[in-house]
Amino acid sequence: MSDELERLANGVLWPGFFGTTAPAWLRTELARGLAGVVYFAQNTGPGLAALSDEIRSANPTALIGIDEEGGSVTRLEAATGSTVPGAAQLGAVDDVEATRATGAELARRVRAIGADVLLGPVADVNTDPRNPVIGVRSFGAETALVSRHVAAEVDGIQSAGVAACVKHYPGHGDTHLDSHHDLPRIELDTDVIRRDHLPPFRAAIDAGADAVMTAHIVVPEWGELPATLNPAVLGMLRDGGFDGGSGFDGVIITDALDMAAVRENFGLGGGAVRALQAGADLLCIGNPTNPGPAAAGDQDERDYRAARDAIVAALEDGSLSRERVAEAAARVARLAEKLSAARSAE
């Protein structure tokens with residue numbers, strides 16, 4: 001296997017891992033250009049800032065991401081629950097300055113532990129009350145309300161030197177299935193999606209969001225592939241075709257590829273290749289604890305290698321172009337350099 005191609009693949013991979021110190025395999029791959037890591041609850045604890053330092057000693061520009069939405073989704077306060085209000089609470093109050101301040105406080109906490117990508121805010125408009133995965137993570141069920149609060153939180157997060165990653169494009173709000181366990185289908189007319197679900201993403205782009213996370217959802221009118229793997233859907237984000245506005249030139253990040261919606265239908269490696277072919281830039285491999293008791297002791301390394309090796313094989317056989325992966329890696333590197341410069345300026 002070509003060392004050059006492995007390093008190219010590393011530039012678009014973002015794995016989770018076990019433990020509160022960096023395992024040997026992770027330190028090795030960070031030194032070989034791995035884009036960074038995503039923290040989950042099993043990584044957090046009093047030594048988290050030191051762990052970030054350890055990661056950056058292997059790769060000074062590593063992107064370190066964390067799900068820290070406030071409310072019901074927190075990694076830093078997983079044991080006790082978040083002390084920061086969640087999106088539904090902020091939407092009910094409907095004070096955009098409070099939302100902006102909440103974004104800034106979340107970013108402050110993220111920076112304090114050495115991370116620099118906050119996986120939020122949620123831009124989904126929660127129009128299906130049965131929704132098992134978004135619910136109170138959304139600012140609400142009204143498009144205009146969600147749009148203004150998404151823009152405010154993006155501004156608050158990024159004013160504190162942390163990249164915001166709005167999620168889950170093109171909108172996970174009108175589903176009653178959880179893509180962690182199944183592959184949801186959004187049986188809405190695309191005109192309704194454009195009217196009700198895409199404006200918060202436009203608001204985020206206009207607010208300067210550094211990253212957008214994709215959803216593992218199928219919109220039949222746009223094809224049978226989930227958005228994460230669908231070049232038509234990601235192409236609309238990149239060129240602004242979803243509303244005729246300016247395109248998004250930031251980093252397109254996949255939702256975790258180990259989620260059942262992708263893993264059970266395409267395989268983790270197959271999903272990684274298809275996501276890159278579709279136009280994604282940074283592949284979140286996922287949380288190695290997700291299999292529960294079935295997780296192998298080296299599940300983190302296995303999942304990383306499944307994605308990397310599939311990308312390398314596709315590069316070797318020509319089914320995935322080097323130009324596409326190089327373009328994605330360059331976009332990721334630009335964000336990493338921007339955030340590294342912000343840290344250096346402190």
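**Cores, a buried strand and a buried helix**

Leaving out residues up to four places away in sequence, isoleucine 55 touches Phe17, Leu30, Val37, Tyr39, Ala62 and Ile64, where contact means heavy atoms within 4.5 Å. This is a predicted model, so local features need pLDDT of at least 70 and side-chain atom pairs count only at pLDDT 80 or more, while totals for chains, interfaces and linings use all residues. Residues are numbered from 1 along each chain as its sequence is written, and side-chain values use heavy atoms, with hydrogens and water left out.

**Nonpolar cores**
- Ile55 is one of the residues that touch the most other members of the largest nonpolar core, which has 82 residues; the others are Leu13, Tyr39, Tyr169, Leu283 and Ile311.
- Another core of 21 residues lies apart from it, with Phe40, Met259, Val332 and Leu339 among its members.
- A nonpolar core here is a set of buried Ala, Val, Leu, Ile, Met, Phe, Trp, Tyr and Cys residues joined through side-chain atoms within 4.5 Å; buried means under 20% relative accessible area, with a 1.4 Å probe and protein chains only.

**Glycine 286**
- Look for glycine 286 in strand 8 (residues 283-286); strands are DSSP runs of E, at least two residues, and helices are runs of H or I, at least four, numbered from the N terminus.
- Glycine 286 is buried, at a relative accessible area of 5%, and its contacts beyond four places in sequence are Pro15, Gly16, Phe40, Ala256 and Asp258.
- Tryptophan 14 is 272 residues away from glycine 286 in sequence, yet their C-alpha atoms are 8.1 Å apart.

**Aspartate 255**
- Aspartate 255 sits in the loop between strand 7 (251-253) and helix 10 (260-266).
- Setting aside neighbours within four places, aspartate 255 is in contact with His168, Met213, Thr214, His216 and Cys284.

**Strand 5**
- Seven of the seven residues of strand 5 (residues 163-169) are buried, so the strand is largely enclosed by the rest of the structure.
- Strand 4 (residues 117-118) runs parallel to strand 5, joined by two bridges, and valine 117 stands opposite alanine 163.
- Strand 6 (residues 211-214) is also parallel to strand 5, with four bridges; valine 166 has valine 212 as its bridge partner.

**Helix 6**
- Helix 6 (residues 143-159) is largely enclosed too, because twelve of its 17 residues are buried.
- The buried residues of helix 6 pack against helix 4 (87-93), helix 5 (96-112), strand 4, strand 5, helix 7 (190-196) and helix 8 (199-206).
- After helix 6 comes glycine 161, with a positive phi near 80 degrees.

Terms used:
Buried < 20%, exposed > 50% of the residue type's maximum accessible area, 1.4 Å probe, protein only. Pairing = 2+ DSSP bridges.
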